[in-house]
Amino acid sequence: MADLKTENIELAEALFFVLGETVPHRRSLEDEANRLKDEIKDREKILLKVIELCGEAQTPEQLYLIAKAYSWLGKKYYEKTVLFAGRYLHTSGWEELPNHTKEEDGITVNYAAAQRASVLIDLARAQEGLGRLEPALFNFMEAYRLEPYSAMDAIKAADVVVKLHGREEALMFLRQQKESAYYVPAKYIDVFGNSRRNDVFKQLLDAHILKLQENKQSGW
């Protein structure tokens, strides 16, 4: 029974991977997973199959897979996303997920923190969709704390601030983020030896500030 359970979870990992979610899995199961995906065809049913194969959620691995699958399924499953993402975040985490640190385009990325942030974002999106704005804001901000180089996390938080406290407070928050070290474009050398500048944080932040300002002028 234990072996069958393990096999099902491993197939769930492979099936989720061939559907497009980057998760640890056995490469030897990819062919079987692709056959299953082609057999089921419907995306929602494939995701529900991933959840079914995980069985009763007990381990961080099962909770992560189920939470992510429900988040992919969208608003019809927001309550499930909140439930399983919340349960996952109270564990020590799935040990097989990437946990190294790597420099990417001049930014040092901690993968363990980024993985946790991704679940926080799934949770916050579902909470926002359910109208639970205070916890949604808290979780978007926690994700931003874990990956301070992500302007998108700050923008998601700001959009909730608009709903809770108004556009002016959201603009104030976003302008404060210009003080972040990541607002200054990072200089780095690419794989070809060329000097590059990573100004994604600055571009995204400035664009959203401009968007909110324009919405204000148009009376939105």
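1. Contact here is a matter of heavy atoms within 4.5 Å. Leu15 and Tyr88 are the residues with the most contacts inside the largest nonpolar core, which has 65 residues. Apart from that core lies another, of six residues, including Ile107, Val109, Tyr111 and Ala186. A nonpolar core, by the way, is a set of buried Ala, Val, Leu, Ile, Met, Phe, Trp, Tyr and Cys residues joined through side-chain atoms within 4.5 Å. Buried is under 20% relative accessible area, exposed is over 50%, and partly exposed is in between (1.4 Å probe, protein chains only).

2. A quick word on what you're looking at. This is a predicted model, where local features need pLDDT of at least 70 and side-chain atom pairs count only at pLDDT 80 or more, while totals for chains, interfaces and linings use all residues. Residues are numbered from 1 along each chain as its sequence is written, and side-chain values use heavy atoms, with hydrogens and water left out.

3. Now have a look at Phe201, which sits in helix H10 (residues 200-217). Helices (H or I, at least four residues) and strands (E, at least two) are DSSP runs, numbered from the N terminus. Is Phe201 buried or exposed? Phe201 is buried, at 5% relative accessible area. Beyond its neighbours within four places in sequence, Phe201 is in contact with residues including Tyr144, Pro148, Tyr149, Gln177 and Tyr183.

4. On to the charged pairs. The count comes to 10 salt bridges, each a side-chain nitrogen of Lys or Arg within 4 Å of a carboxyl oxygen of Asp or Glu. In one of them, Glu10 pairs with Arg26, with the closest N and O atoms 2.7 Å apart. Glu10 is in helix H1 (residues 2-19) and Arg26 in the loop between H1 and helix H2 (30-40), so this pair ties together parts 16 residues apart in sequence. Arg26 is partly exposed, at 39% relative accessible area.

5. Glu44 and Lys76 also meet in a salt bridge, at 3.0 Å from N to O. Why does this pair tie together parts that are 32 residues apart in sequence? Because Glu44 lies in helix H3 (residues 43-54), while Lys76 is in the loop between helix H4 (60-73) and helix H5 (78-89). Lys76 counts as exposed at 59% relative accessibility, whereas Glu44 is partly exposed at 29%.

6. Another bridge joins Arg132 to Glu79, the closest N and O atoms being 2.6 Å apart. Arg132 is in the loop between helix H6 (111-129) and helix H7 (133-146) and Glu79 is in helix H5, so the parts tied together are 53 residues apart in sequence.

7. Most residues other than glycine have a negative phi. Lys41, not a glycine, has a positive phi of about 70 degrees; Lys41 lies in the loop between H2 and H3 and counts as exposed, at 67% relative accessibility. Asp105 has a positive phi of about 50 degrees, and is not a glycine either. Where is Asp105? Asp105 lies in the loop between strand S1 (101-104) and strand S2 (107-110).
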